[in-house]
Structure formats: C-alpha cells, structure tokens
Amino acid sequence: MPSPEELQWVKSTANELNNLLQVITESSQFLQRFTGGNPEAARYYDMMRSALDRAAQLSRSMLERSGQSGDRPGSAAKVHPFPSPGSFGSEPPPAQQRPASSVPNFEVRIANAQGPRELILIVDDEDFVTLLAQRVLTDEGYRVATARDGFQALDIYKKLQNEIELVILDFTMPIMDGAEVFNELRMINPQVPVVLSSGFTEQDKLKWMLAKGLRGFIPKPYTQQKLLLQVRSTLDAMKSERR
C-alpha cells in the first residue's frame, strides 16, 4: 500500500505531466501550420500525436492507481491541494480578500482589439497555454484579454463586464481555484458566462459550478478544434437564449 507521501508524489507528477501535454499539444498544432503539405512533416506529427495519446493514458493510469479520479472518464489530471469534499457545503469558501485600495488603475491589454468577433477573457496561470490559446482565438477573429490569476481576472471583469462575452477559466490556480473565482465573478454578474478548462476538477466543486450556471467544460489537454468548437457553440447558445 503506497504511503500518503507516495500518493502525493504521483498526483503531483500527473499534474506536471498534464501541464506539459497541454503545452506540447498546442505547440505542435501551431507549428504544423508552417509545414503544411510536407509529407515527411505530416508523418512526424502523426507520430507525435500517437505519443501524446500514450502519455495521456499514462497520466490517467497514474491517477487511477493513486485512487483519485478526474472530473470525467478519459480526462487527464491536474492536481493542487484544496479543501476536502463537503467541507464547504453548497458554496465554496470565500476567496482571500485584498483591500480595494490595492487594486491599481490599469489598462486592459486586448489582443486583436479590432477583431470582428466577441471579446473573450482567458484565465490561466500557465503562460504558454494562455499564449497559444490566445493565438488560436485571435486567428479566428476573436478579441482576447488574459489574466494569470483570480485577482487579475476579477479586476479585468469588473472593468469590462459589459464587453466580455465569455470567460475561459482554468480550475487549478494558486491562491484562488476556479470554483472560488467563479463564485466571485457571479457576485459581480450572476449571469457571467464561464467555460471551465482543466484536466482535473473535484467532483463536488464541478457539480456546484454546473448547478450555478457553468456554461461548459474543455478538458485539458485540448486541441485547437475543440477549443474553437466549445467557444463558438457556447456563444451561439447564449445568443439563442436571448432571442
């Protein structure tokens, strides 16, 4: 029987592996644009995709063996410590507070600011994942703002809540996890449109978010096609509801 320390090592390793898989997946898809039509390059990309699938299977296996399942069958895992299930009842614990005076006056940088499509806020502490997701979305005409943590996300949303059409929110972030950020966003706007993006989500928290209006879920590592499909389908569904 593995010790608690060994189980924690497995979970931490699976977490790091999942982060690397996301970066490798998005990087390879981005670089593939520059080698289109090259049969030799296509062969190597096929080999890379096969290796990524195998790595994702290993990540799932590590979590299964440690006795910790992901948020849905077939999802990889990304794990950070947070309170045990049921420790906060129907609402997540309140986010750590900071004085209002510490919120600086700032200009929000929007990538593709003149783009023809909706403004999307990406909240993720993995810089390279954010950069690649931003590139995928801006190439499709979306305007994109980004935040590295929950506090920054809240500052941006307070400033641009009338313009932001969708928030893509990572679940596992330092200080405030996705459930806590989601709760704080709902205090600003109870109808805030949020799609969760993660390889691992605690079941109790995911159920709570879905019950409170979470719009969708993008499991990591995701492809460009899955990201674009989830974003477009979510935005179109919201438009239909307004009619």
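My entries follow, starting with the ground rules.

**Ground rules.** I am working with a predicted model, where local features need pLDDT of at least 70, side-chain atom pairs count only at pLDDT 80 or more, and totals for chains, interfaces and linings use all residues. Residues are numbered from 1 along each chain as its sequence is written, and side-chain values use heavy atoms, with hydrogens and water left out. My H and E labels are DSSP runs numbered from the N terminus: helices are H or I with at least four residues, strands are E with at least two.

**The sheet.** I began with the strands. I found an open sheet of 5 strands, ordered E2-E1-E3-E4-E5, with parallel pairing; two strands pair if DSSP finds at least two bridges between them. E2 (143-147) and E5 are the edge strands, each pairing on one side only. From one strand to the next, the twist averages 20°. Next I looked at E3 (residues 164-170) and E4 (residues 194-198), which pair in the parallel sense over 4 bridges. In this pair, Leu 169 stands opposite Leu 196 of E4. I also noted that helix H5 (residues 178-188) packs on the sheet and touches E3 and E4. The direction of H5 makes about 155° with that of E3; such angles run from 0 to 180 degrees between N-to-C directions, with axes as lines fitted to C-alpha atoms, for helices over the stretch in contact.

**Two helices.** How do H3 and H7 pack, and at what angle? I read an angle of about 60° for H3 (residues 127-139) and H7, with axes 10 Å apart. The two are therefore oblique to each other (under 35 degrees is roughly parallel, over 145 roughly antiparallel, 65 to 115 roughly perpendicular, and the rest oblique). On the H3 side I listed Ala 133, Val 136 and Leu 137, which meet Gln 224, Leu 227, Leu 228 and Val 231 in H7; contact means heavy atoms within 4.5 Å. The residues of this contact divide into 6 nonpolar, 1 polar and no charged (nonpolar: Ala, Val, Leu, Ile, Met, Phe, Trp, Tyr, Cys and Pro; charged: Asp, Glu, Lys and Arg; polar: the others, Gly among them).

A cis peptide bond joins Lys 220 and Pro 221, with omega about -5°. Pro 221 lies in the loop between E5 (216-219) and H7 (224-242). Asn 112, a residue other than glycine, has a positive phi near 60°. I located Asn 112 in the loop between H2 (39-65) and E1 (119-123).
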